[in-house]
Amino acid sequence: MPLDDRTGQIVTTESAAAVRALDAAADALLGHRADVPRHLLAALAADPDLALGHAWLGLMLRLAARRDRMAEAGRRLALARAAVATRGATPREVAMIAALAAWEERGDMEEAAARLEAGCGAAPPDPVRFKLAQTIRFLLGDAAGMREASAAMLPRYAPGQLGRGFILGCHAFNLEETGEARAAEALGREAVALDARDLWAAHAVGHVMEGEGRAAEGIAWLAGVRAEPGDVGYFARHIVWHQALFHLHLGQRDAALALFDGAVHQPGAEDVRDIANAVSLLWRLQAQGAAPGTRRWDMLAAACEARIGDHALGFAEAHYALCLALAGRAAALETLIGGMRRTAQAERGTQPRLLGDLGAGIAGGIAHAQAGDAAAALALLLPLRSELRRIGGSNAQRDLFDRLILETCVAACRWDAARSLLGERRASRAPGVWEAGIEARLPPRMTARPSSSACRAA
């Protein structure tokens, strides 16, 4: 006889142990903890024919954005389908399998998210499908789609209903990403008050503070975030990354570098999001005059070289390119860019399209900038700037590329472009020490364009 999980969703299994493990996986997923796969494997150990467990684990493997995990995702899809053929399935399980198939077989992340969202707000609402869809849309930079889904989901949860706080936290983040900072902070604080372990909601409030330049307040706020004991997953480290950004906003380079060494970068870390966090922070440190040294860049570059050939997530690939460039690994960078272009031409789906539309151009611009040809770099990067959201991630994460473009404008002596971009930043976020440093490097306004020699002297 099928059993219900804690949220009232029917699971096609007769194993109470499997359902308990699925409940634990749901708690971990909503709380952004690192142990989701462990709980899913426990559920599958209790019931090897658990279709929901196989489909969910397959989606987690796809979210890892590593080509070496894709074969296993395909195997999980086959196992889920075999289980359905034997036992049948609920509409929820059918939707999870269809989402995995859309991504695995067609590379269509948009379809995967849409299939997860379809019906997830019906009574009883399904926070697992909702959260998985939110994660996929986050990787696509689809803040509008995330907000639309969370706005539709929130009324399904009455005050006091189990899981409502996590939905509040999601909507808070989505409001911040779409320009509603005041409402975002209020909802985020409400969610954290309901559950102090809600890392995503606390992170949403931190995003508001980052955009508004409330750095000292942000450091204090994130210091109070309470991760689960023993949770050393990527998202706990991402919270520390945000703390480091606050320190850099205030010009506290030593404090930011200490956070890089102590938490943000873990030698041997394989999660692509960890690598992106570390690359982004190290570049920002260097851009603000810190001297991170070759050892740190070399350690990161080794991790990036190990991921050459993945071509599973344009956001990650752009960070790999930046790291390889700054580590002086020109041959590896050329290999990465060539692979991105070949993938865009030979494969179908969301990420091959993004690699062709954005990823290869960003990486090529980075390569030109590192080679000292700032003009050629800008010729690639500036036209892509208005499309950067599509590369995925949050406003705070993509700000790395805006900073890179502005630095390249200065290197190319494109003073008017640099002033224009700096003005846009002031209108959208509070300037900090880095912005002041950029402004100090701009010469007085001139009626004539400086010569190339004058540019180099400047």
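1. Start with the H1/H2 pair: the axes of helix H1 (residues 16–30) and helix H2 (residues 36–46) come within 8 Å and cross at roughly 170 degrees. That makes H1 roughly antiparallel to H2, a label for angles over 145 degrees. Axes here are lines fitted to C-alpha atoms over the stretch in contact, with angles from 0 to 180 degrees between N-to-C directions; helices are DSSP runs (H or I, at least four residues), numbered from the N terminus.

2. Before going on, note that this is a predicted model, with local features needing pLDDT of at least 70 and side-chain atom pairs counted only at pLDDT 80 or more, while totals for chains, interfaces and linings use all residues. Numbering runs from 1 along each chain as its sequence is written, and side-chain values use heavy atoms, leaving out hydrogens and water.

3. Who meets whom? On the H1 side, the residues include Ala 17, Ala 21 and Leu 29, and on the H2 side Val 36, His 39 and Leu 40 are among them; contact means heavy atoms within 4.5 Å. The residues of this contact split into 13 nonpolar, one polar and no charged.

4. His 32, in the loop between H1 and H2, has a positive phi near 55 degrees despite not being glycine.

5. Cys 413 sits in the loop between helix H21 (395–411) and helix H22 (415–428). Its phi is positive too, near 60 degrees, and Cys 413 is buried at 3% relative accessible area.

6. One for the omega check: a cis peptide bond joins Ala 123 and Pro 124, with omega about -10 degrees. Pro 124 is in the loop between helix H6 (109–117) and helix H7 (127–139).

Definitions and conventions
Helices (H or I, at least four residues) and strands (E, at least two) are DSSP runs, numbered from the N terminus. Angles under 35 degrees count as roughly parallel, over 145 as roughly antiparallel, 65 to 115 as roughly perpendicular and the rest as oblique. Ala, Val, Leu, Ile, Met, Phe, Trp, Tyr, Cys and Pro count as nonpolar, Asp, Glu, Lys and Arg as charged, and the others, Gly among them, as polar. Buried means under 20% relative accessible area, exposed over 50%, partly exposed in between (1.4 Å probe, protein chains only).
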